[in-house]
Amino acid sequence: MKKVISLWLWCIIALVTFPSLAQISPALWQVEKQGVTSYLLGTMHVGDESMATLPQSIHKAIESSDAIVVEVNLEAIPALQMQQRSLPFLRLENGRSLNTELSDKSYKLLGTYFAEKGINIELFSALKPWAVLMTVMQIEMQNAGFIEQNGIDKQVIQSATRLNKPIIELESLEQQLEMFSAFEEYSDLMVADTFRQLEDFDRYFLGIANSWKAGDMEAFTEIYQDTFDDSEFGQLNEHVLLIERNQNWVKKLTTPLTEQSLFIAVGALHLPEQNGLIALLKKQGFKVTRL
């Protein structure tokens, strides 16, 4: 079975590390049609100190663009409003609880993990399993020095705000959270995958980091190919979290890309392969060139 990292984890938190790389050179693409030039960047959602500043090539592309396109602009949502809008998607209802949604094995695994952190698992009893696993990943990333403040998406939005550039969202917060409802029946598999990958942190995540920081798209294509298997869960991952969203995004962007210069910043795994944004844009007649 091929599975380097479950895609649902990519959407929750995309990791970056490998601080020994002195020069960060992520892949930046130029998108052209009808005399209009735009840019496409695959991003990571959190980062370490080595990613605290955007490369000059990205800054220049943002400056030369008329508007910035992101998956969702979380910077525009106040903390209290974020909580109010998120809770309906995170909470279990109708007498359900975390231990009723998971097998005894999965619940015990989570309980042991939180106990080792000095946290009572009962604090999460009202949350859906995927939301609890999000907390697990956030804990691990913070312990490893990865924070949202250094994420590329956040920095792109902050740069656009400083330059008074309009920010266009491809999705709403609610749309992003709703996606995970498709995986609720696979909760035990998600728990197993999460802990399997955390046991071998370097193997599962450093290769991804290397590829992003070096702009190695061939490696990213291999990561994409190895991420999915032929199982029902693997195919559901690819369809819901990548294929369907990529197709929707291209429909939204096709006309605007011929009217104004856009800087598009979305998760890096949305770019490669035949259902990736690069291939889909080319099918729409755009010239897509690596800078």
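Predicted model: local features only at pLDDT ≥ 70, side-chain atom pairs only at ≥ 80, totals over all residues.
1. Helix 9 holds 13 residues and spans 19 Å from its first C-alpha to its last, close to the 18 Å expected at 1.5 Å a residue. Several of its residues are buried: Ser-187, Met-190, Val-191, Asp-193, Thr-194, Phe-195, Gln-197 and Leu-198.

2. Met-134 sits in helix 6, which runs over residues 129-143. Met-134 and Thr-194 are 60 residues apart in sequence, yet their C-alpha atoms are 9.8 Å apart in space. Thr-194 is buried. Met-134 has a relative accessible area of 21%, so it is partly exposed. The cut-off matters here, because buried means under 20%.

3. Ile-139 is a second residue to look at in helix 6. Its relative accessible area is 18%, so Ile-139 is buried. Leaving aside residues up to four places away in sequence, Ile-139 touches Tyr-113, Phe-114, Lys-117 and Ile-119. Take Lys-117 from that set: it lies 22 residues from Ile-139 along the chain, with 9.4 Å between the two C-alpha atoms.

4. Now the whole chain. There are 13 helices and 6 strands. Of the 291 residues, 53% are buried. Consider contacts between residues at least 6 apart in sequence: 83% of them join residues at least 24 apart.

5. How many salt bridges does a search of the whole structure find? The search gives 9. Arg-245 and Glu-71 form one of them, at 3.1 Å from N to O. Are the two partners buried or exposed? Arg-245 is buried, at 4% relative accessible area. Glu-71 is buried too, at 9%.

6. Arg-85 and Glu-174 make another salt bridge, at 2.7 Å from N to O. Arg-85 is in helix 3 and Glu-174 is in helix 8 (residues 173-178), so this bridge ties together parts that are 89 residues apart in sequence. Both ends are partly exposed. Arg-85 has 25% relative accessibility, and Glu-174 has 24%.

7. Glu-184 and Arg-96 also pair, with 3.5 Å from N to O. Each partner lies in a loop: Glu-184 between helix 8 and helix 9 (187-199), and Arg-96 between helix 3 and helix 4 (98-101). The bridge therefore ties together parts that are 88 residues apart in sequence. Glu-184 is partly exposed, at 23% relative accessible area. Arg-96 is partly exposed as well, at 33%. The pair is part of a network: salt bridges that share partners join Arg-96, Glu-101, Lys-128 and Glu-184.

8. Next, the second largest pocket. Its volume is about 170 Å³. Which element gives the most to its lining? Helix 12 does, with 6 residues. The lining consists of Leu-170, Glu-171, Gln-175, Met-179, Val-240, Glu-244, Arg-245, Asn-248, Trp-249 and Lys-252. By class, 4 are nonpolar, 2 polar and 4 charged.

9. Rolling a probe the size of a water molecule over the atoms shows where empty space is left. The structure holds 1 cavity of 30 Å³ or more. The largest cavity contains about 70 Å³ of space. Its lining is made up of Pro-26, Ala-27, Gly-42, Ser-211, Trp-212, Gly-215, Asp-216, Met-217, Phe-220, Ala-268 and Leu-271. Helix 10 (201-214) and helix 11 (217-227) are the elements that give two or more residues to this lining. What classes of residue line the largest cavity? There are 7 nonpolar, 3 polar and 1 charged.

Technical notes. Residues numbered from 1 in each chain as written. Heavy atoms only, no water. Salt bridge = Lys/Arg side-chain N within 4 Å of Asp/Glu carboxyl O. Buried < 20%, exposed > 50% of the residue type's maximum accessible area, 1.4 Å probe, protein only. Helix = DSSP H or I, 4+ residues; strand = E, 2+ residues; numbered from the N terminus. 1 Å grid on protein atoms, 1.4 Å probe; cavity = no way out; pocket = protein on both sides within 12 Å on 5 of 7 lines; lining within 4 Å. Points joined across faces, edges and corners; volume = space filled by probe spheres on them. Nonpolar A, V, L, I, M, F, W, Y, C, P; charged D, E, K, R; others polar. Expected span 1.5 Å × (residues − 1). Contact = heavy atoms within 4.5 Å.
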